[in-house]
Amino acid sequence: MKKLIFALIIVFASLFTFGLIDTVKADSMRCGDKVVWSGDTKGRVILLCGKPYYREVIRRAGVKKPGTAKWFYNFGEDRMTKIITFEGDTIIKFEDGGRP
């Protein structure tokens, strides 16, 4: 049993090392030890990540439903700015911005 556990640990460590398993996918963003995912709401993002340092709202002429919004997060000078795009109240995309 100990040999099996040891073998599994080696296999998973190798997969993580060579990037074959990623703990956070491109359809998510890490906020400290929390993660927000595509499909999460603005309320959940604020709860887990706090308020963004900048918000941009894109309005479409003649459209009454909520438009697209981009929220910008700065997690420190050594990290890239993270941009979350919402359609209405729902996350649809994550992007890396430039350095702050």
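**Note on the sheet and its packing**

1. Strands E3 and E4 are joined by five bridges in the antiparallel sense; strands here are DSSP E runs of at least two residues and helices are H or I runs of at least four, numbered from the N terminus, and two strands pair if DSSP finds at least two bridges between them. Val57 stands opposite Ala69 of E4.

2. This is a predicted model, in which local features need pLDDT of at least 70 and side-chain atom pairs count only at pLDDT 80 or more, while totals for chains, interfaces and linings use all residues. Residues are numbered from 1 along each chain as its sequence is written, and side-chain values use heavy atoms, leaving out hydrogens and water.

3. The open sheet has four strands in the order E3-E4-E5-E6, with antiparallel pairing. Its edge strands, E3 (54-58) and E6 (90-96), each pair on one side only.

4. Six bridges join E4 (residues 68-73) to E5 (residues 82-87). In E5, Phe86 is the bridge partner of Ala69, and Ile84 stands opposite Trp71.

5. Six of the six residues of E4 are buried (under 20% relative accessible area, with a 1.4 Å probe and protein chains only). Thr68, Lys70 and Phe72 lie on one side, and Ala69, Trp71 and Tyr73 on the other.

Note on methods
Buried means under 20% relative accessible area, exposed over 50%, partly exposed in between (1.4 Å probe, protein chains only).
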